[in-house]
Amino acid sequence: MLGSSRLMLAAMTLLMSATALVAQTPARPDLSGIWSRTGPGAHQPFGQGVPALQPWAKTLYEENERGLPPGEDGLDEVDPVIYCLVHGFPRIMAGNQPIEIVQTPNQVYLLFEAHSVQRRIYLDGRKLPENYPSSFMGFSTGRYDGDTLVVETGGLNDLSWLDRTGIPHSDALRVTERFRRAAQDTLEIAFLFDDPKAFVRPLEGKKTYTLKPDWEILENIGYCEDRFRYNYERKAFRGTVRWQSPEQAGGR
Amino acid sequence: MPECQAQKELTMSIRSLGLMLVTMTLLMSAPVLVAQTPARPNLSGIWTRSGPRPNENFGKEAPPLQPAAKAIYDENRKGLAPADGGLDELDPSIYCLPHGFPRVYASNQPFEIVQTPTQVYVLFEAHLMRRHIYLDGRKLPEAYPNSFMGFSTGRYDGDTLVVETAGLNDLTWLDTSGTPHSDSLRVTERIRRTAQDTMEIEFSFNDEKTFTRPWGDKKTYQLRTDWQLMENTGYCEDRFRYNYGQRVFKGTVDWQSPEQAAGR
């Protein structure tokens, strides 16, 4: 009897450790799914009004908004997107094209429909390496803080606009995001933009996103002159559009 | 009395045995719970194509092209040696277009595979492109817009992930050599991990508007455990122009636009 009790105890211990193994993955908020920014407009600014900008940034901003009322979408002809550049982070977070979040134990992926780009958020404790080449989407690390995913991003290039209004930023921009599922179908992200080279003080913003369980992410590579030209020429080559290149017209 | 005591002990033993049995059953069902996700080959990680050349073709010989496709192919390769890639000036990538599928698999830039129970995601360093491979049984919807990466569905067949792709546009080259394809192209891939650090993909191309018969090739990829995917948006004239214009505006390059030169 004593023997069987010991066996039982051993069995119970095993059972408990098996359960512990199952629960090994730390509890984390479930942010996975397809999300689309809540609210009107294809693009939105992050904050209210025009932020306090350093002189060079103010000049550039005024250039991007020349002839427009403050806070309007920046001029198309100086918009990086028109030149086949991607929206980049953080601007892409203020667009209304859907975002799919995929969570794995070591990484969180944000897969964007716009320009088919993605962000990769490392959860394994690595840091932004020195001399890391700056990029449109930046280098992001994250950690879970209770029900919130806290993400720090650096390593951004200075080619993209902060948002559609044409606010410039430098490559010193660092962004902190706090992702929280405010309701079953609502994701809230609080943004803090810190860029002492471009902004007089850090800017804040908050956006909410709605879960779209029956949506599917499509492909949108973006439009620009080069792409249009190629597309057109190809169709011409195949005879679906009547067009001749200067060389063809010259009888070559 | 002794008999009674023995019986009591026996009853208790039986009871503890019962409890033990319940415990054991629970214990046995715990691993079942852990293994609830169906067995599937682990393909996740960062991979690069094996082989010395940065860009390759599919197959060792010229593709089996129909006459109209052969004319485009010859145009794309006018004046080139058999081993060369297609002409730069006709290459869609030069016009800011992504390589597209399947050409992106002939490049040597790394890609990352992320597996979840319902989807396999393939994230490419080249042009930041991505594939979504649906495992939930959905089919290519009718009138689905054509795209550079196509619409992919997959299923596990033992140790192999079998992927079917359609819904591709006809703007991309199939590979580096300039092989054209139509929007009827359907690609089957059989993806298998042949060793701990080796993945093999068997590609099969079926496009009755372009090829005289289905054909294909096999490529191998190596696991890069210590690599990290970088960002490569690709180069093209538009991007260069903007980049340059921005530097000019910020005063890091000495240059004036015609308007600036005219004093505006």
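Strands, as named here, are DSSP runs of E with at least two residues, numbered from the N terminus.

**View 1. The barrel of chain B in the predicted model.** Nine strands of chain B form a closed barrel in the order β1-β2-β3-β4-β5-β6-β7-β8-β9. The pairing within this barrel is mixed. On average, and with direction ignored, neighbouring strands of the sheet are turned by 30 degrees against each other.

**View 2. The antiparallel pair β3(B) and β4(B).** Strand β3, residues 119-124 of chain B, and strand β4, residues 130-134 of chain B, run antiparallel and are joined by five bridges. B:V120 is placed opposite B:I133 of β4(B), and B:L123 has B:R130 of β4(B) as its bridge partner.

**View 3. The hairpin between β3(B) and β4(B).** Five residues lie between the two strands of this hairpin. In the hairpin, B:H127 adopts a positive phi near 60 degrees.

**View 4. The parallel pair β4(B) and β5(B).** Two bridges connect β4(B) with strand β5, residues 151-157 of chain B, and the pairing is in the parallel sense. B:Y134 has B:T153 as its bridge partner in β5(B).

**View 5. Prediction confidence in chain A.** The average pLDDT of chain A is 83, and 78% of its residues score at least 70. Residues 236-249 of chain A have a pLDDT below 50. Beyond near neighbours in sequence, this stretch has eight contacts in the model.

Terms used
Residues numbered from 1 in each chain as written. Chains lettered and ligands numbered in written order. Predicted model: local features only at pLDDT ≥ 70, side-chain atom pairs only at ≥ 80, totals over all residues. Pairing = 2+ DSSP bridges. Helix = DSSP H or I, 4+ residues; strand = E, 2+ residues; numbered from the N terminus. Axes fitted to C-alpha atoms, helices over the stretch in contact; angles between N-to-C directions. pLDDT = per-residue confidence, 0-100. Contact = placed C-beta atoms within 7 Å.
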